[in-house]
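Good morning, colleagues. Please turn to the chain that I am about to show.

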Amino acid sequence: PISKIFNNKSFWNLDFYVNKEVLDPRPETEFIIEGIEKYFKNKKQKLNLIDVGTGSGCLAISLAKEYLSSIVIATDISYKALKVAKKNSKKFKTEDRIKFINCDLYNGNEVFDIIVSNPPYLTSEEYNNLDKGMQLNEPRVALYAGCDGLKYYKKLGPIIQRISNKKSMSFIEIGHKQKDKIIKIFDEFGIKCVDIIIDYQKYDRILVFKKKN
């Protein structure tokens, strides 16, 4: 991919450094930011945000640039991915407001106003059918999510339950035709889907959740 040759990929209104340790930011993921802007119109308010599985840091950094009073936690299981995210955060002068944590999803108990995540969601079949260039140049850990593609949503359910209150909102990217299964998974943890954001291809792309009680 050209992005890996030039180590550069545009996302939102910024040009991010990328390498083989991170997934290229996708245009579809920008719908998460648009969704947040719909529900959190006052960009001067102080918000606690978490980006679970930050990769290149594109979501965490873009949101830190939009919501200038916000404090952000960005996590990733890959130490090498976090090095890329930290490099981007320094480039865009957001390092004083983003705390990077090397962990599997999130282990803490802090409650957040906004939770975002673009987890791996490809099934075994989808991953095996990927373009070889993508398989060679993007980390498997950022793409593959078990036989059914739902591994990380099953893990996210109890985490979101733990780090949400009644006012918290979660914006979660999903794969094609996963909507109903993911809504059911989250419902079991007392988290209801309140909005579905459609992408450029008219696919269900972002699910918006709130705690039931």
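I shall begin with the chain as a whole and then turn to one helix pair.

This is a predicted model, in which local features need pLDDT of at least 70 and side-chain atom pairs count only at pLDDT 80 or more, while totals for chains, interfaces and linings use all residues. Residues are numbered from 1 along each chain as its sequence is written, and side-chain values use heavy atoms, with hydrogens and water left out.

The chain holds eight helices and nine strands; these are DSSP runs, helices being H or I of at least four residues and strands E of at least two, numbered from the N terminus. Its radius of gyration, taken over C-alpha atoms, is 16 Å, close to the 17 Å that the globule rule gives for 213 residues, so the chain is as compact as a globular protein of that length. That rule is 2.2 Å times the number of residues to the power 0.38. The C-alpha trace spans about 45 × 40 × 30 Å along its principal axes.

Of the 213 residues, 51% are buried, meaning under 20% relative accessible area with a 1.4 Å probe, protein chains only. Among contacts (heavy atoms within 4.5 Å) with a separation of 6 or more, 68% join residues 24 or more positions apart.

Now to the helix pair. The axes of α7 (residues 151-162) and α8 (residues 179-187) come within 9 Å and cross at roughly 35°; axes are lines fitted to C-alpha atoms over the stretch in contact, with angles from 0 to 180 degrees between N-to-C directions. From α7, Tyr153, Lys154, Leu156, Gly157 and Ile160 make the contact, and from α8, Ile182, Ile185 and Phe186.

Methods
Buried < 20%, exposed > 50% of the residue type's maximum accessible area, 1.4 Å probe, protein only.
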